[in-house]
Amino acid sequence: MSDTINLVRLRLKQDKTAAEWLKVNEKINEWARKQPGFRFRSLSETDEGEWIIMSYWESLEAANASEKSFGAEMMGLCEPLISPGSVTMSQSKAHLMQRG
């Protein structure tokens, strides 16, 4: 079995701030830590205002289960902040993970 990476790219609505998004992500982090198979996640922002979320899971099954759970439990917190149509998601198999 291989670790799975979920990659999400999105933009916030024009009237929403990074501070608001980061506050919501504190709750998302709490939720993620409780999910079976969760390894870690990162959140970054490009100079152009695109947000990139990478989450690492111990398996494809754990990643897929988390997506379903996220939709049911957390999407209501995110939708008011995210620009409709800006979200792209992909999934990949991790071949190498190195920590410093």
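Tutor: In this predicted model, helix α2 covers residues 60-73, 14 residues in total. From its first C-alpha to its last it reaches 20 Å, close to the 20 Å expected at 1.5 Å a residue.

The buried residues of α2 are Ala-62, Ala-63, Ser-66, Ser-69 and Phe-70. Viewed down the axis of α2, these buried residues fall within an arc of 130°, so they line one face of the helix. The spacing follows a general rule: an α-helix has 3.6 residues a turn, so residues three or four places apart point the same way. On the face of α2 turned away from the buried side are the exposed residues Glu-61, Lys-68 and Ala-72.

The strands belong to an open sheet of four, ordered β2-β3-β1-β4, with antiparallel pairing. β2 and β4 stand at the edges with a single partner strand each, so one side of each has no neighbour in the sheet. Neighbouring strands are turned by 15° against each other on average, direction ignored. Within the sheet, eight bridges join the antiparallel strands β1 and β3, and Ile-5 stands opposite Tyr-56 in β3.

α1 lies across β1, β2 and β3 and runs at about 175° to β2. α2 packs on the sheet by touching β1, β3 and β4, and its direction makes about 35° with that of β1.

Turning to the aromatic rings, a search of the whole structure finds three aromatic pairs. One of them joins Trp-31 and Phe-70 edge-to-face, at 5.3 Å centre to centre and 75° between the planes. This pair links distant parts of the chain, with Trp-31 in helix α1 and Phe-70 in helix α2, 39 residues apart. Trp-31 counts as buried because its relative accessibility is 9%. Phe-70, at 19%, also counts as buried, the cut-off being under 20%.

Another pair, Phe-40 with Tyr-56, is stacked, at 4.2 Å centre to centre and 15° between the planes. Phe-40 lies in strand β2 (residues 38-45) and Tyr-56 in strand β3, so the pair ties together parts 16 residues apart in sequence. Phe-40 is partly exposed, with a relative accessible area of 26%, whereas Tyr-56 is buried at 13%.

Notes
Residues numbered from 1 in each chain as written. Predicted model: local features only at pLDDT ≥ 70, side-chain atom pairs only at ≥ 80, totals over all residues. Heavy atoms only, no water. Helix = DSSP H or I, 4+ residues; strand = E, 2+ residues; numbered from the N terminus. Expected span 1.5 Å × (residues − 1). Buried < 20%, exposed > 50% of the residue type's maximum accessible area, 1.4 Å probe, protein only. Arc of directions from axis to C-beta. Phe/Tyr/Trp six-rings, centres within 6.5 Å; stacked < 30°, edge-to-face > 60°. Pairing = 2+ DSSP bridges. Axes fitted to C-alpha atoms, helices over the stretch in contact; angles between N-to-C directions. Contact = heavy atoms within 4.5 Å.
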